[in-house]
Amino acid sequence: MRYAILADIHANLEALDVVLADAEAQKCTHYACLGDIVGYNANPKECLEIVRKLNMPCVKGNHDEYCCSEADLEGFNPHAREAINWTRNHLTADDRQWLKELKYIRLVANFSLVHATMDAPQRWGYVFDKLAAASSFTYQNTNVCFFGHTHVPTAFIRDVALVRGGSYSKFKVESGRKYFVNIGSVGQPRDNNPKCAYGIYDLDEGTIELRRLDYDIPKTQAKIRANGLPERLAERLAHGK
Ligand code: ZN
C-alpha cells in the first residue's frame, strides 16, 4: 500500500490537480486527507468534490469547521472573516453537512490522522516545536501520525523519551519510535517555498517521502482576484508564506 497524504488543500484546484497527477504517476494506491479542504483560495466546491469522489479518509480542519457552521466570526481578523463568509456562500447545504460530520482524529491502516494536535485536536494549537510535539505524542497510540495546520513540512521523532524534529525529504520508519509528521500544504505552503507539497507513505517499504511540485500559481491568483477575495491571499502564494 502506498498512501498519498494531502493536507491543507485550501480550495486550490490547480495545486490539487498537480498533486493528484503526481500521486498517480508515483503509483499511490490510497489517499488520506488532513483537513482544511476549503478556505483562502477560490475553488472550495471543486476541491471538496474531488476529495469526496476519491472517498479518502479525512479529518476536520479549523477552516472546515468555520465554513460549515453559522458561528459568529467576531474574533477573526477582517480578511479571514471575509474569506470564510465567501466560502460559506460557495458551498451547498450538503457540502457543509459533509464537513460538519468529519471527525477530529482518524485511524487509517496502522497510522493516525489529525489536523492540529493529538492532545487537544479541537483547540487548533500549532505544533512548531519539540515541546508541543511532546504533548501530542502523549496521546499518540500509533507509530506514525500525520498532522497539518502549520503548512510547514516537519517530522518529529520520539525515541524513548527524547523528541527531535526538523525538515526532511525522505526517511525510513523504524519500530520502537514514534513519528509525528507534517507533510506540508497542497494549497498554501508557508515554508518560504511556493511549490505545493504532499507526502507519500509507503507501508511496504516503511518510508515517508515529501513531494514538492510546481503548479500554475498565476492562474490560482487570478481566480482569487476575480472573486474579490483579499489580495494578500493571492500575493502570499508566490512567496510560499
Ligand atoms: Zn490550514
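Biologist: Which residue in S4 stands opposite Ile 105?

Modeller: Val 114 in S4 stands opposite Ile 105. Now the ground rules. This is a predicted model, where local features need pLDDT of at least 70, side-chain atom pairs count only at pLDDT 80 or more, and totals for chains, interfaces and linings use all residues. Residues are numbered from 1 along each chain as its sequence is written, and side-chain values use heavy atoms, with hydrogens and water left out.

Biologist: What makes S3 and strand S4 a pair, and in which sense do they run?

Modeller: A strand is a DSSP run of E with at least two residues, and a helix is a run of H or I with at least four, each numbered from the N terminus. Two strands pair if DSSP finds at least two bridges between them. S3 and S4 (residues 111–114) are joined by four bridges. That meets the limit, so they count as a pair. They run antiparallel. One of the facing couples is Val 108 with Phe 111 in S4.

Biologist: What lies between S3 and S4 in their hairpin?

Modeller: Two residues lie between the strands. Ala 109 in this hairpin takes a positive phi near 50°.

Biologist: How many bridges does S4 make with strand S5, and in which sense?

Modeller: Four, and the sense is parallel. S5 covers residues 144–147. Here Phe 111 stands opposite Val 144.

Biologist: Why are S3 and S7 said to stand at the edges?

Modeller: Start with the whole sheet. Six strands form an open sheet in the order S3-S4-S5-S9-S6-S7, with mixed pairing. Strand S3 (105–108) and strand S7 (162–166) each have a single partner strand, so one side of each has no neighbour in the sheet. Neighbouring strands are turned by 20° against each other on average, direction ignored. Each axis is a line fitted to C-alpha atoms (for helices, over the stretch in contact), and angles run from 0 to 180 degrees between N-to-C directions.

Biologist: How many bridges does S6 make with S9 and with S7?

Modeller: S6 (residues 154–159) and S9 (residues 177–182) share six bridges, in the antiparallel sense. Phe 156 has Phe 180 in S9 as its bridge partner. S6 and S7 share five bridges and also run antiparallel. In S7, Leu 162 stands opposite Asp 159.

Biologist: Which atoms count as donors of the zinc ion, and how do you know?

Modeller: Donors are N, O and S atoms within 2.8 Å of the metal (3.2 Å for Na, K and Ca); water is not among the atoms, so sites may look incomplete. The protein donors are Asp 8 (OD), His 10 (NE2), Asp 36 (OD) and His 151 (NE2), at 2.1 to 2.4 Å. Those distances fall within the cut-off, so these atoms count as donors.

Biologist: What makes the arrangement around the zinc ion irregular?

Modeller: Four donors count as tetrahedral if all angles lie between 85 and 135 degrees. Four count as square planar, and six as octahedral, if opposite donors are over 155 degrees apart and all others between 65 and 115. Anything else is irregular. Here the angles run from 83 to 175°, which makes the arrangement irregular.

Biologist: Are His 10 and Asp 36 buried or exposed?

Modeller: Buried means under 20% relative accessible area, exposed over 50%, and partly exposed in between (1.4 Å probe, protein chains only). His 10 has 0%. Asp 36 has 1%. Both values are under 20%, so both residues are buried.

Biologist: Is Trp 124 buried or exposed?

Modeller: Its relative accessibility is 10%, so Trp 124 counts as buried. Trp 124 also has a positive phi of about 60°, although it is not a glycine. Trp 124 sits in the loop between S4 and helix H6 (130–138).
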